[in-house]
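The following exercises concern a single protein chain. Please work through each task before reading its solution.

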Amino acid sequence: MTTKKILCVGLCNLDIIQVCENFPLEDSDQRSNHSRWQRGGNASNDCTVLALLGAKCELLATFSDSEHFGFAIRDLESRGIDIGNCVFHRSCEVPLSTVWLNAASGSRTIVHSNPNLPELTVEDFERCDLREYSWIHFEGRRSATVIAIMISRIKSWNEQCDQSERITVSVDLEKPRDSNLLMIANANVVFLGKDFARFLGFNSSKEAVYGLRKSHPGSYTIICPWGSDGVSALYENDEFYSCGIYPPEKVRDSLGAGDTFCAGCIFQLSQRKPLQDALMFGSKLAGLKIGDFGFDHLKDKLQSLMPT
């Protein structure tokens with residue numbers, strides 16, 4: 001296993017989660033089955049799963065100096081996730097997601113608040129020593145123009161390095177906004193989310209991977225999970241792959257399932273496993289994740305999935 005780190009660039013926030021028998025009615029007063037605080041954010045969740053898998057990983061995000069955000073920082077540190085390059089901002093509110101988990105269906109409904117915490121800047125990213133990383137993963141944010149500049153810096157780095165020292169770049173395009181397309185240039189792996197694919201006019205994962213290749217030609221891998229319909233992928237040489245899903249007996253917590261799939265694929269691909277193996281690993285890992293609450297239960301269930 002490489003001694004270099006996987007860097008995940010994006011958001012870290014607090015999730016306040018209520019597990020309800022059914023989704024609450026408007027203007028009602030009811031009790032939840034149970035509740036918890038959890039560290040969230042796509043890039044933050046990616047790091048959680050990668051750390052559980054045994055990867056050396058680092059999170060690059062902006063942090064609030066609020067006392068409440070200390071919960072997230074302590075959790076990151078307890079898992080051995082490097083946060084040494086994260087940027088603290090004074091007098092900013094904590095990015096907060098209020099999450100309702102429907103115990104009957106396993107669905108999750110999220111209301112997110114982030115009023116004044118700044119996004120990462122190019123200067124923040126330039127403080128990272130690229131010699132430390134073998135893979136850098138970017139969560140699609142509204143600051144796509146800035147992220148594209150970060151990725152171009154990695155491209156310049158790769159052009160002056162030996163093949164063995166080059167950094168693989170992946171991007172997670174989830175939210176339905178045109179600016180996501182700016183992040184494709186110079187990426188090696190593109191995770192194309194279902195919501196964004198539909199926003200682009202595609203009606204299936206297979207249609208989406210071929211459609212994105214046609215509209216944005218290049219020798220990059222496209223991976224498109226499509227919920228219960230499985231996953232389609234197009235390798236850099238246009239070879240098509242697909243994978244089904246591995247659902248648990250009961251869906252308990254779908255929050256972070258997409259991040260789990262993404263992290264599972266990155267883990268496998270960073271170990272130079274074939275794309276088909278990575279898709280199956282990520283899909284099985286996501287199936288295990290949604291069978292219970294949070295992420296830590298994965299630790300006891302990884303043995304059957306871990307590569308030999």
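Helices, taken as H or I, are DSSP runs of at least four residues, numbered from the N terminus. The model examined here is predicted.

**Exercise 1.** Determine in which helix arginine 213 lies, and whether arginine 213 is buried or exposed.

*Solution.* Step 1: arginine 213 belongs to helix α6, which covers residues 205-215. Step 2: a residue counts as buried under 20% relative accessible area. Step 3: arginine 213 has a relative accessible area of 9%, so arginine 213 is buried. Step 4: neighbours within four places in sequence are left aside; the contacts of arginine 213 then include Gly218, Tyr220, Ile222 and Asp238.

**Exercise 2.** State the strand order of the eight-stranded open sheet, and explain why one side of β4 and one side of β14 lack a neighbour in the sheet.

*Solution.* Step 1: the order is β4-β1-β9-β10-β11-β12-β13-β14, and the pairing is mixed. Step 2: β4 (57-60) and β14 (240-243) are at the edges and have a single partner strand each, so one side of each has no neighbour in the sheet. Step 3: from one strand to the next, the twist averages 15°.

**Exercise 3.** Describe the surroundings of β1: its partner strands and the burial of its residues.

*Solution.* Step 1: strands of a sheet pair through backbone hydrogen bonds, in a parallel or an antiparallel manner. Step 2: β1 pairs with β9 in the parallel sense over five bridges, and valine 9 is opposite phenylalanine 138 of β9. Step 3: β1 also runs parallel to β4, with four bridges joining them; here cysteine 8 is opposite leucine 59. Step 4: in a regular strand, side chains alternate between the two faces of the sheet. Step 5: Lys5, Leu7 and Val9 point one way from β1, while Ile6 and Cys8 point the other way. Step 6: five of the five residues of β1 are buried.

Conventions. Residues numbered from 1 in each chain as written. Predicted model: local features only at pLDDT ≥ 70, side-chain atom pairs only at ≥ 80, totals over all residues. Heavy atoms only, no water. Pairing = 2+ DSSP bridges. Helix = DSSP H or I, 4+ residues; strand = E, 2+ residues; numbered from the N terminus. Axes fitted to C-alpha atoms, helices over the stretch in contact; angles between N-to-C directions. Buried < 20%, exposed > 50% of the residue type's maximum accessible area, 1.4 Å probe, protein only. Contact = heavy atoms within 4.5 Å.
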